[in-house]
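Open the model in your viewer and get your selection tool ready. We will go from the chain interface to the ligands, one stop at a time.

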Amino acid sequence: MVLLDIRDLDLSIARGGELLPVVQGISFTVEENETLGIVGESGCGKSLTALAIMGLLEGSAVRIAGGSIHFQGRNLLALAPVERRRVMGERMAMIFQEPMTSLNPVYRIGDQIGEAILQHRRMSRKQVHERVLELLDLVRIPDPERLIDSFPHQMSGGQRQRVMIAMALACDPKLLIADEPTTALDVTVQKDVLELMHSLQTRTGMSIVLISHDLAVIAETCDKVAVMYRGRIVEHAATSALFSNMSHPYTLGLLGSIPAHDQDVEWLDAIPGRVPTLDELISGCAFHPRCFAAKDSCRTVDPVAAAVAPAHFVRCHFPQGNST
Amino acid sequence: MTRPLLEVRELRTHFSVGGRGFMRRKSVIRAVDGVSFSIHEGEVLSLVGESGCGKSTVGRTLTRLEAATAGTAMFDGRNILNLSPAEFRPLRRDIQMIFQDPFASLNPRLSIERALAEPLFIHKLVRDRWTARKRIAETLELVGMDAKSMSRYPHEFSGGQRQRIGIARVMILTPRLVIADEPVSALDVSIQAQVLNLLKKLQRDSGVSMLFVSHDLGAVRHISDRVAVMFRGKLVETGKKRQIFETPRHEYTRRLLESIPRIKGRVG
Ligand SMILES: Nc1ncnc2c1ncn2[C@@H]1O[C@H](COP(=O)(O)OP(=O)(O)OP(=O)(O)O)[C@@H](O)[C@H]1O
Ligand SMILES: Nc1ncnc2c1ncn2[C@@H]1O[C@H](COP(=O)(O)OP(=O)(O)OP(=O)(O)O)[C@@H](O)[C@H]1O
Ligand SMILES: [Mg+2]
Ligand SMILES: [Mg+2]
């Protein structure tokens, strides 16, 4: 069953009296018990998409300019704010990209996790304390008895990240949005955290939206993948289909720029150029200035998403995959 | 090979924390606890390991941003850990650090020209602005940037460009040892590869020695000659890159390599 259904979502940023489009016409669905991965350049709109789903854009410069977000069949954007916060608080949780800005610096972390638990359940102080320790243990925090009394600044980046994960899992969400949950962690801890999320998913049937810049993490953990560039989904497919038949030149570029740990190469195939800023106007396809396959039409005509195989969509005039 | 450029023996850096407030005991964190390694001229040694195992502290101790608790670090025949600040000052030019965060390491109020001129004047490598400007232009081109960008300010550049500027600021001093602490992890994936290629090329062309601190094992494989694996303040294994990646001996190294996520069915 479809849990989350996003259609044609447009987000804009109000800047200097203007509205700059930042996310344009994004659509995807997430089934129950399914994991969707979102990968893409820094600044392409991944976190803003997540915040839009969570209803956390109020009061910011970001506006929802169009589209719908259906969760369990109801359009969240049409709900009254109170009702919306209730749905979100009970059934969705998010692991934020920057743990330092989302943890309260003046409260001990044990109290912050306890607070998250009490928002969803009634428990005695002692039960809460035990549950907090259990959660800290679950996310492999060493020496939880000692850390439970720490303030956020007394922990390493990786430890703070794990506290955030514990807080998000405290309420058994239906939908977990994890924004770069393991980027600050080394691979051994990363593996544990990803396995933890997976085992919770198997147990509770929750759905996960995993945002990452690491294609390998996505390949290992997600059922399907959306690749974003400059506010748009440029390639979208089941994980196995995507990795066996990468079609967008940007997706291929991402793969090529990962240094391999299992072979020696002299030089990496870097994508040339740089990530465009929001206020830069690019005619045609937004990726064409950096694209090895660009031809004249790419400079003038913005491509639309088209299927290169069943359920495999690519926004490119010259898809590179093998089934075209 | 000849005598190493840097030889670190039994390095220890401990921090004491806590101690204030009711009933709070003071405790000692042994961030670096008996680490030994050496780096030869023109060699790149990578330091890898768990988050919090002490990698950055090693780098910060060698550049004297932290005080060592014990041990020696012979650089070019002198123990840099017990030199007085005045004795160490001339060596600052030889031992340079590239930081993780390209945003925090540049002063937002200084133009790129001033940011790069400052170290040149401090170390008395140039006497006048014209020579400085010429050196700056050359170095910017070396890191793949337009010499014209020297009149601009940090906020006008992207993360990858700022990291190039940070690298230029280090290379302009022609150091003998560069300590690069996670130099690409704050950068966008597509830009990481550009900067890694640049570091490798500069290192080869200039023959500078490098200590490359990272938890990205792919980047480590790309850039290093030898690898040291750190675990809870100690080195558990040091070896040639091939040996570490292909026949790891220590259990933690094996676990590290097994934990790397893999892309199955890579496109050919
Ligand atoms: N609150 C805000 N006000 C104004 N602009 C914003 C705000 N939040 C984000 N932006 C801008 O919107 C764009 C998209 O930001 P977003 O955080 O979604 O990127 P991202 O894809 O998550 O990138 P990263 O991989 O770096 O986290 C960026 O250009 C960013 O600078
Ligand atoms: N100034 C300090 N005071 C107290 N403890 C410190 C200080 N600096 C570092 N530590 C502690 O020393 C240990 C090693 O820290 P260090 O920053 O060297 O780790 P690292 O290996 O670089 O980790 P990462 O991969 O997360 O950057 C950590 O437990 C850290 O909390
Ligand atoms: Mg983000
Ligand atoms: Mg570090």
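Start by selecting the two chains where they meet: 32 residues of chain B are in contact with 37 residues of chain A (contact means C-beta atoms, placed from the backbone, within 7 Å). On the chain B side, pick out helix 5 (159-171), helix 6 (189-206), helix 7 (217-223) and helix 9 (251-258), each of which supplies at least two residues. Helices here are DSSP runs of H or I with at least four residues, and strands are runs of E with at least two, numbered from the N terminus. Helix 6 of chain B has the largest share of that side, eight residues. Colour this side of chain B by class and you will find twelve nonpolar, 14 polar and six charged residues. Nonpolar covers Ala, Val, Leu, Ile, Met, Phe, Trp, Tyr, Cys and Pro; charged covers Asp, Glu, Lys and Arg; the others, Gly among them, are polar.

This is a predicted model, in which local features need pLDDT of at least 70 and side-chain atom pairs count only at pLDDT 80 or more, while totals for chains, interfaces and linings use all residues. Residues are numbered from 1 along each chain as its sequence is written, with chains lettered from A and ligands numbered from 1 in the order written.

Next, select ligand 2, which lies between chains A and B. Its shell draws two or more residues each from helix 7 (157-169) of chain A and from strand 1 (6-18), strand 2 (26-39) and helix 1 (55-62) of chain B. Ligand 2 is surrounded by 15 residues, the closest being B:A31, B:S51, B:K55, B:S56 and B:T57 (C-beta, placed from the backbone, within 6 Å). Helix 1 of chain B gives the most, three residues.

Finally, move to ligand 1, where A:S42, A:G43, A:K46, A:S47 and A:L48 are the closest of 15 surrounding residues.
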